[in-house]
Amino acid sequence: MAAEPVLEVRDLSKTFPSTGTVALSGVSLSLSAGEIHAVVGENGAGKSTLARILAGLDRPDSGRILVRGREVRFRRPRDAERLGIGMVPQQSLLAPGLSVAENVVLGHEPRLLGILLDRRRAYYETALASANFSFPLDPGSRISRLSPPERREAEIVRALARGGDVLILDEPTSILTESEAETLYGLLKRLRDAGASVILISHRVREVLSAADRITILRNGSVVDTILPAETDDCDLALRMASSASCFTADGPAESGGQAVFRFLGANFRDSERVTLRDLGFTVRRGEIYGIAALAGNGLGALEDLACGERICDSGAVELLGRNLVDWPRDELRASALSYLPTDRDGRGLCLGATILENLAARIGSPGDWSRRGRAARRAEAFRLLEDAGGRAPPDAPIDMLSGGNRQRVLCVRELGTFTPAVLAANPTQGLDPRAQEETWNRLRSRAREGAGILLLTSSVDELFSVADRVAVLYRGRLTELGIRTGSVTAEAVTRLLTGAAA
Amino acid sequence: MNPVRRSWIAAAAVLALFASCAKGPDDSSSRPAVPAAFKGVAVFVPGVVSGSPIYEMLAAGARRAAESVPGTTFRVVEAGFNQAEWLDKLAALAASGEFDLIVTSNPALPELCAKVAESYPAMRFFVADAYLPGNPAIHTVLYNQLEQGYIVGYLAGLITTSGLPGANRAKKAGMVIAQTYPTLDKLIRPGFEAGLKAVDPGISLEVRVVGNWYDANRSAELTSSLIDGGVDVILPIAGGAGQGVLSASKERGTYAVWFEGKGYGLAPGTILGCAVLDQERLVRERVGALLSGDKSLFGKADVVGASEGYIGFDPEGDAYKALPSELRSRFEKALTDLRTGSPAFRIDSL
Amino acid sequence: MNPMETLAAEALAIALPILLAALGGLFTEAAGILNVALEGLIVAGAFAFAVAAEGTGSLVLGVAAALACSAALALLAAAAADRLSANPFVAALAVNLLVAGAVGLASEHVFGTKGVVPLDGLLSPRVELGFLSGIPFLGPVLFRQRGISYLLAAACAIAAVAYSATPFGLRLRALGMKEGSLRIAGVDPRAVRYWAYAASGAACALAGIALARSIGAWVPNIASGRGWIALVVVYLGRKRPAGLLAAALGFGLLFALSNAAQSVLSVPPELVLALPYAATAAAALSGGARTRGRTDRG
Amino acid sequence: MKPGKEGRRPGFPGSGTALALGAALGAAALYILAAAEEPGAAFRAFFLSPFARPTVLANLIEQAAAPCLCALGTALVFRSGDFNLGGEGQAYAGGALSVLALLAAPSLPGPAGLAGGLAAGAFAGAFVALPSALSRRNLGADVLLSTFLVSQAVVLVLDWAIAGPLRDPASNLIATPVVEAAYRLPRLAPPSWLSFAPVLAAAAAVALDRFLRSSRRGLELTLFGRNPDFAVSMGFRVRAYAFWPLLASGALNGLAGALLALGANGRAVRGMTGGIGWNGISIALLAGNDPRLILPAALFFSWLETGSRQASILAGISVDVGTVAKALVLLFATARFLGTARRKGTA
C-alpha cells in the first residue's frame, strides 16, 4: 500500500472506569484509500469501542488519531463527520417514520427561503449520493417500509452523504440473512470501487474473508496481527481470533440416560430481530449440562426466549419435564421447576431500584403471608442465601450499588441456591472476573451432579468447554450438535462453526 | 437512620411547637347564647366581590353599617364560585371565633347557614336575596325578583317592538343564562316573561344555557345564534360569561338589558336599561339594625320590592336617555304602576 | 346567511383556537412528551395579553407578552423535567395549577378584580374579504369571520408547515421516533425538546389571545376546557396536521350543533362536552393508545 | 414516562420533597410579605392559626382524610408502574352513588346504612376505574390517558345529572337531596366536622404499608411496577398486577368521595370533589409514594389549605396563595436535584 493512509490510529487505549474493563490497549491500525479493512475479534475484543472512538462517540484515554496524515481530536460525532468519516452503528439509528431522504439530511437540512425544508434538494442529494455508490435506493420511501439491507444502505448513504469517504460499519450483517449479507458486501465493494474506504467490524470469518482487502485481528483489546486474506484461511483466522486457542480434551462423562428436562421438537421461530430459528431439535437430560454456543446475531437470544417460555415457537414445540412449556402456569414453573439466569441480567434477571433483599426474596415465601413473621422469615432466608454466597453488601441497599459481578452473584444465589430440576443459564459469566466465573461454573456443575438438567447458552467457547457435558453450535439459526465433549470435539471445530468458517 | 421515622418525629415536634404557641380553647360555642351586640361582622361572599355589583353592594353596605358601630371587627371573605366548598368555608368562618354575625347574599345560603348554626348556636346570620323563615339564628330578606324581571322584561318588550335601528320585526326576546336555579326559574324568568307579555302578548322568549358561569366565548356563540334566530334584545344572567352576550350583541348591533347593577358602562350603546337592586341600602339598614341590638329580626323572612324602593331602575345611562321619548314615557309609566302595585306580584314561598 | 352557512361558520370559529392549541400540543407530542399544560398555557397567554395590551395600549406588546409568558411557563415545566428529573407529566399538571392560582392573585393586583375585565377596543371585528365573501356557501362560511380568525388560521397554517415542512419539524419528529437519530446527526436532542415546549407555549398563547379578542374582554377561566379538548384533538388526529384539522373541525361542528340544538331540543351542554372525552376514552380503551404493550404477555 | 421505570434516579433521595416544601412555603411567605398590610398578622394567620383552635385543628385533620385515601390509591397504582389520573371522576362517582344508594335504601340502622353507603362509593369508584384496568390488562392500553379521559367524561355526566334528574328541587344549591342524618358520618367533636374518617384513612395507610412491605404479593407488585420484564421472567401474575391495583385505587378514590358526600354536606353537591384527585396525586408524589408518609403529607396539604383559608378570614390574604403553593409542591415533588439529570424524555 503505497498511498498515504486515509485514517490511522496509533497506540489507542481506553479503559472504562465504571467497570475497570480494559477495552483497548495500544491498538494501531491504518486504513488506506480504497480498501475494505476488516477488524475481527470475538465478543468483547474491543471492536465496537474502536468504532465508537473513530466516529467521535467515545474519547480514547491515550493514543493518536491521524486523518490523511494530520493528527485530529474528535469531541463529538460532527468532528469526525467533517473529516469525512461516517459510521453505521450496529443498532439502526434511523427514524422509522421518516423517509430515507429525511433521515439522510437530518441535522444538515437543505433550506428553502431560509426556513423551509427543501424536500426536492434533500431528495436530490440523497438520490445523488446513492447513485454515486450505485445504490438502487428510493429517497422517498419510508424507513419502516424498507427491508433490512435497504436500511443498511440508507444508513451508509446517511454516513457518507456529505462528501464522506471513510465508512465505519459495526457488525452490519448481524440482523441480515446470508443472502442479504451478500448483497451488502456487494454494495461495499461498489463503494470501495467508487473510492471510499471502509472499516468493517465483524466476527464472521467467511464473510470477512470474501469481502475484505486487509484484516486486523483484535483479541482482548490488543491487535494480534494485520494480514491479507490470501495469507490465511477461515480456520486459521477463526483460531487466531479465539482468546483460548488451546484445545480442550478433558474426558467427558458418558451420555446420561436420565429423564428429559428440556426438549425441543422441531421448533421454528422467527423473532423480531429477524433471526430465524430453524427446526431445532435437541434434548437436555437430568444430570447433564448441555451447552449451546453462538455469536451475537445467530439466534441465541431467541433460543433463550423459547427455552424460558417468554416466547412461543411458531411451529414445533418446547417441552419442559415432559410437559409443553405453554401449559406450565408461569408462577409454578419458576417457583418449583425452572431456575433461570438470563443474559439480560439487569433487565430480566434483577429488578434495579429494588434492594438486594427484595431481589433475593422474589422467589421466597408463600403469597398468602401478610404477617410480620412471614416477612421476617423471608428476610432470614434471603440473609442465609446471601451469607452462603459470602456476600458482604448491606442487604437493604439498592441492588444498583453492586458491581456487575456482585449482581450476578445475587442472581446466582437466588436461582441456584435451591434445587430445581431444570436450569437455564444464558451467558452466566459474561463480564465476570475469573474468580466469580469459576464460582458460577462450580454452582452449575454441582447442580448437575445433584440431578438437574442444565441448558447453557453461551457466546464464549471457553465457557462451553469449561462446563458443558454435551456441546452444540448455533449459526444463523441452525443447530449443529457436536455430541459429548471429548477429545474429538475441539475448540477449533467449535470456533469454525461459530464463525461460519465451516458450513 | 430510618427516613420515615425521622420525618414522623419531625412532624410531631412541629405540631407540638405550634400547639404550644396556640391559644387555649375558647370556642365561640362556649359563649352566652344571645349576645347583646356583635363584636365581629364577616361578609361571606359566595363568589368574588370585584366585578359583581350585587356582592360589591353587599360588602359596601355591611362595611358602612359596621363602621357606624366603633370597635366592631369587620372582614370580607370571598369563598369562590364552587358551591361545594361554601359550607366548609362558612363553617371555617364560624370556627375562627373572630365573628358572631355573618352577612351574606345568595338564595342557596340559608340552608348552609342553618347547618352551621346547628354547630355554632351563638352565630347569627343575615342573608339578603334569600328566603328562609323560622330559623331563630337567621334573618333573610328576599327581593321580589318577579318585579325586577318584570322591569327589564317590559323594557325589552318595548325595544323588540320598537323601530330602533337594531330592532327587527320579529317579536322575540332572549335570555342567556349560566345554568338554571330556583330563583331564576321561579322569579326572574316568569317576571321577565310577564314584562314582555305586558307590552305585547305576541312576544316570545328564547332561553339559552351556557352550562357554567365563565365560558364567555360560548355565551357569545349562543348569543349569535339567538340573534340569527331573530332575537334583538337579550337579558344575560351568566356571571363572567355575560360578557360574551354583551360583546356579541354590540357587534351585531342588537341590544341587551342588564340585571346586575348599573351596567351601562360595560357596553355603551348596547345596554339600554338596568334593573337595580338597592342591596347596599338594604344591607346597611338591616345590618345596622342588628348591630344596634334588634334581635326581633332573627327568624324572620321578609320580601321587599319596588314599592319599598329596593327594586328599581337606573335611568342615568346615555343609552337609555337616547331612547325615543315616547318609548321612555311608556316604560316609566309601567314603572310607576309597578311601584303602586299594578301589576301585583306576590311571593308566597320559594 | 342560511342556517347551514351559519352553522359551518360558527363551527370554524369554534374550531380554530382549539386547533392552534392542539398544534401546540402536537409539537411536544411529536417530541415524545404529552403536554397536559395546554389549558393553563392558554389561560396564561390570554391573561398576559390582557395585562400588557391594556397596560401599554399596544397590541404588539400584548402579543409579545403573551408569547413570552406562555413559552416561559412551558419551559418551566420542561426545565423541571430535564434539569431536576421531575416527571414531565406531573410538571405540566403543576403548571396548570400554578396558572389557576397565580392568575387570580395577579388579576386582583393588576386589575383590582378577579372578575371580568372588558378590554376596550380589543374586540376583533368581523372582516368580509371582498369578493371572496360572495362565493356561494364558502364565502359566508370562510370569509366573513372575525379578523382574529384569519390570523388564527394563518397561525395554524404556519404551525402545520413548521411541523411538517421545516428542519425544526423534521427534528421534532425524528426525536419522538428515535432519539439516537438526532445524536448521530450531531443535533442535541435536549435543545430540540426545549424548543418543542416553547413552541407549544407560543401556540397556546395565540389561542388564548384569540379567545380574549373574540369577546373583547378578559374573563377568568377563559379557556373553559378548550386546552383539554385540544389534547384530545392531538390524540384523535394521530399526530398528523390534517388529522388534527379534521378532529378540531369535528368538535367545532359538534359544539356549534349543540348551540343550535338548544332552540329545538334541550341537549344539556355538559353531555355535549362529555362526548369528546367519552369518544376518545373509547378509542384509548380499545387499545388505540397502545403505546406500551408490555403487560399483554405471560 | 412510566413512573416506576426510572430505575436509577440520580440526586439525593428526598431532595425533591425538600425542594417542593421549601418552594411552596417560600412562595407563600414571599407573597404575604409583599401583599399583606400587616405581614406579621398574616404570617400568624397562615402558618400558626390552624393550630390555635381545637375546632380548626380538628377540621384540618378531618379534611386530610379523603385526599389521603386518594393518595393511597395513587401510590398503589404508582407502585404497579402506572398513573391513575382518574381520581377526580372516581371520587365524584363514589360520592354520588353513596348518596343515591342511601336515598333509595329502605331504612337501615344508622351504622349499617353508613357502611353500605361507603361501600357503594367504593364500588362506584372501582367501577369507573374498571374499563381502564381491563384495557390495561388485556390490551396494554395506556392507563394514564384512559383514566383521565374516562374521569373527565364521568365528571361532566355527573355535573349534568346532579343539576338535572338527581337534583333536590327544594334546594337552592345544585345538589342531590340530603340523606338521613343517621347515615351520615358521626361527628366526634362538634362543632368541628371531625369524624372517624381520619382513622379510616390511617388504617388504610397501615394496611397498604403492610401489604406492600410485608406480603409476598405486595413485593411482587412492587417489583412488577419497577420492572415488568423481570416480573414476567420470574413468573409473577402480571395480569393480576396490571388489573387489581387500578381497581383498588378506584375503590379508594370512590371511598374518599363517599366520605366527602356523607360528611358535612350529607349530599352530593355539584363540583363536590373540588380537585381532590389532583390533590391525591400531589400528596402521593410528595410522600414519595410511601404509605407511611402519605398521612403526614396529606396533613401538610390540609394545613396549606387551612392556612390559606385562615389567612383570608383573619388577614384578607387571597386564598389563591394556597393554590400557588400546591402547584409548586406538584412541580417539584417528583424532582431529584443535585444530581446529573439523566432520563428518558417520554411522557
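Residues are numbered from 1 along each chain as its sequence is written, and chains are lettered from A, with ligands numbered from 1, in the order in which they are written. Because the model is predicted, local features require pLDDT of at least 70 and side-chain atom pairs are counted only at pLDDT 80 or more, while totals for chains, interfaces and linings use all residues, and side-chain values rest on heavy atoms, with hydrogens and water left out.

Chain A and chain B, by comparison, are joined by no contact, and their closest C-alpha atoms lie 12 Å apart. Within chain A, the domain assignment gives domain 1 (7–241) and domain 2 (247–499), the bounds being taken from an automatic or database domain assignment. The C-alpha centres of these two domains of chain A are 34 Å apart, and the contact between them takes 20 residues from domain 1 and 14 residues from domain 2.

The largest nonpolar core comprises 262 residues, of which W218(C), V233(C), L69(D) and L72(D) touch the most other members; such a core is a set of buried Ala, Val, Leu, Ile, Met, Phe, Trp, Tyr and Cys residues joined through side-chain atoms within 4.5 Å, where buried means under 20% relative accessible area, exposed over 50% and partly exposed in between, for a 1.4 Å probe and protein chains only. Helix α1 (residues 3–30) of chain C gives the most to this core, with 15 residues, helices (H or I, at least four residues) and strands (E, at least two) being DSSP runs numbered from the N terminus. The core also draws at least three residues from each of domain 1 (7–241) and domain 2 (247–499) of chain A. When neighbours within four places in sequence are set aside, L69(D) is in contact with A201(D), A204(D), L252(D), L255(D), A256(D) and L259(D). Another core, of 80 residues, lies apart from the one described above and includes V141(B), I159(B), Y181(B) and L272(B).

Chain B contains 11 helices and 12 strands, and 60% of its 350 residues count as buried. Of the contacts in chain B with a separation of 6 or more, 69% are between residues 24 or more positions apart. Helix α3 (residues 86–95) and helix α4 (residues 109–119) of chain B pack at an angle of about 45°, with their axes 10 Å apart; axes are lines fitted to C-alpha atoms, for helices over the stretch in contact, and angles run from 0 to 180 degrees between N-to-C directions. The two helices α3(B) and α4(B) are therefore oblique to each other, given that angles under 35 degrees count as roughly parallel, over 145 as roughly antiparallel, 65 to 115 as roughly perpendicular and the rest as oblique. In this pair, W86(B), L87(B), L90(B), A91(B) and A94(B) of α3(B) meet L109(B), L112(B), C113(B), K115(B) and V116(B) of α4(B).

In chain D, the axes of helix α4 (residues 87–104) and helix α12 (residues 276–286) come within 7 Å and cross at roughly 125°, which makes α4(D) oblique to α12(D). The residues that meet are G87(D), E88(D) and A91(D) in α4(D) and I276(D), G277(D) and W278(D) in α12(D). Elsewhere in chain D, L212(D) is placed in helix α7 (residues 197–214) and counts as buried because its relative accessibility is 5%. Although L212(D) and P291(D) are 79 residues apart in sequence, their C-alpha atoms are 8.8 Å apart in space.

Two cis peptide bonds may be described, one of which joins S342(B) and P343(B) with omega about -5°, P343(B) being placed in the segment after α11 (325–339) of chain B. The peptide bond from P190(D) to P191(D) is likewise cis, with omega near 10°, and P191(D) is found in the loop between α6 (143–163) and α7 of chain D. Positive phi values occur at N220(A), a residue other than glycine, with phi near 50°, and at K239(C), which is not a glycine either and has phi of about 65°. N220(A) lies in the loop between β11 (214–219) and β12 (222–227) of chain A and, at 55% relative accessibility, counts as exposed. K239(C) is in the loop between α10 (226–236) and α11 (241–264) of chain C and is partly exposed, with a relative accessible area of 38%.

How values were computed
Contact means heavy atoms within 4.5 Å.
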